[in-house]
Amino acid sequence: MSGKIKYKNPPIIERVIGVYADIDPEMFQIKMPEWAIKIRDEYPISSPITEWSLNFKDVKGIPMLQETVPKAEIIQMFWKLHPKKTQVFGMRLRPSRLVFHLVREEDNIHDFDELYPEMETWIWKWMEHFEVKALKGTTVEYFNRLNAKISPKFMMPDGRLKLAEAFSVFSNIPGKYVGITQPYDCKIRLIVDEKRPCHFDLRVRADDVNEGHAGVKIDFTTSTFQQFDKAISAKEALIEIQFAHGIILEQFNCFFTEMAKKSFNPYGIPD
């Protein structure tokens with residue numbers, strides 16, 4: 001993507017892109033074994049995930065667990081082979097979506113341009129196999145972390161994170177205070193374009209404390225979902241993914257401070 005600044009050590013730990021549709025769950029289960037065979041040469045490692053759903057009811061403002069049997073959904077997850085036997089390139093499926101993952105490997109931070117071709121390659125085959133006539137929307141997600149390993153410049157001797165110096169949301173908090181500490185829990189949704197069904201979500205949360213050092217999760221998501229039962233084609237979905245990725249890059253540049261971006265070691269040359 002023209003004008004994109006690349007960094008040697010950005011806070012990105014995972015990139016995710018997805019497309020959404022309505023597939024009959026029963027048909028999805030019937031066709032799933034054949035799909036696993038179809039992708040076996042590229043994604044041979046199957047690691048299904050079980051997701052449990054509990055039923056809660058609001059009772060005078062208090063969520064109460066209902067006495068019903070929890071429901072389980074099997075999320076189909078496949079991975080490419082890797083020389084170090086780590087999970088880097090993944091494909092995730094459920095009746096409502098096709099999603100691709102690209103996970104950081106230590107100093108190998110990878111790039112969106114490695115992930116996007118996976119969707120280009122498989123979206124048509126997935127739609128044909130599961131008889132998807134049209135798509136409902138797309139998502140692009142960037143999962144970021146600030147911690148002692150990725151951003152040591154912002155760690156304090158007592159293990160706290162100088163978050164205000166790294167992330168602009170916390171840079172101008174009014175009132176008197178001497179520092180920011182956990183818990184961090186912040187959600188923001190931005191309307192990207194009123195004429196386009198697109199929005200950007202920011203989520204900031206505390207990460208697990210590692211060896212006495214605090215950390216923070218900063219997740220970016222750009223979604224485009226059609227309204228009023230409108231639908232898009234595979235070609236249009238790919239265009240929306242590229243558009244959404246551009247929004248992610250813009251917001252990355254806005255939300256991380258200049259000090260933070262300098263600490264990520266930019267190559268300094270637009271690609």
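1. Serine 263 first. Its relative accessible area is 19%, so serine 263 is buried (buried is under 20% relative accessible area, exposed over 50% and partly exposed in between, with a 1.4 Å probe and protein chains only). Serine 263 sits in helix α5, residues 258–263 (helices are DSSP runs of H or I with at least four residues, strands are E runs of at least two, and both are numbered from the N terminus). Its side chain reaches the backbone oxygen of alanine 260 at 2.6 Å. That is a polar contact (a pair of N or O atoms within 3.5 Å; within protein, one must be able to donate a hydrogen and the other to accept it, and residues adjacent in sequence count only if both atoms are side-chain atoms). Leaving out neighbours within four places in sequence, serine 263 is in contact with Lys153 and Phe154 (contact means heavy atoms within 4.5 Å).

2. A word on the source. The model is predicted: local features need pLDDT of at least 70 and side-chain atom pairs count only at pLDDT 80 or more, while totals for chains, interfaces and linings use all residues. Residues are numbered from 1 along each chain as its sequence is written, and side-chain values use heavy atoms, with hydrogens and water left out.

3. The overall picture: the protein has 5 helices and 12 strands, and 44% of its 271 residues are buried. Of the contacts between residues at least 6 apart in sequence, 69% join residues at least 24 apart. The accessible surface is about 15600 Å², with 53% of it belonging to carbon and sulfur atoms (Shrake-Rupley method, 1.4 Å probe).

4. The buried residues of α2 include Phe112, Leu115, Trp122, Ile123 and Trp126. The helix's buried residues pack against β1, α1, β7, β8, β9 and α4.

5. Which residues touch the most other members of the largest nonpolar core? Among its 62 residues, they are Leu93, Ile123, Trp126, Leu135, Phe167 and Phe220 (a nonpolar core is a set of buried Ala, Val, Leu, Ile, Met, Phe, Trp, Tyr and Cys residues joined through side-chain atoms within 4.5 Å). Helix α4 gives the most to this core, with 9 residues. Setting aside neighbours within four places in sequence, leucine 93 is in contact with residues including Phe28, Trp35, Phe78 and Trp126.

6. Threonine 222, in strand β12 (213–225), counts as buried because its relative accessibility is 0%. Not counting residues up to four places away in sequence, threonine 222 touches Thr138, Cys198, Phe200 and Ile247, among others.

7. Two backbone spots to check by eye. Glutamate 131, in the loop between α2 and β9, has a positive phi of about 60° although it is not a glycine. At 45% relative accessibility, glutamate 131 is partly exposed. Asparagine 265 lies in the segment after α5, and its phi is near 60°, a positive value in a residue other than glycine. Asparagine 265 is partly exposed, at 38% relative accessibility.
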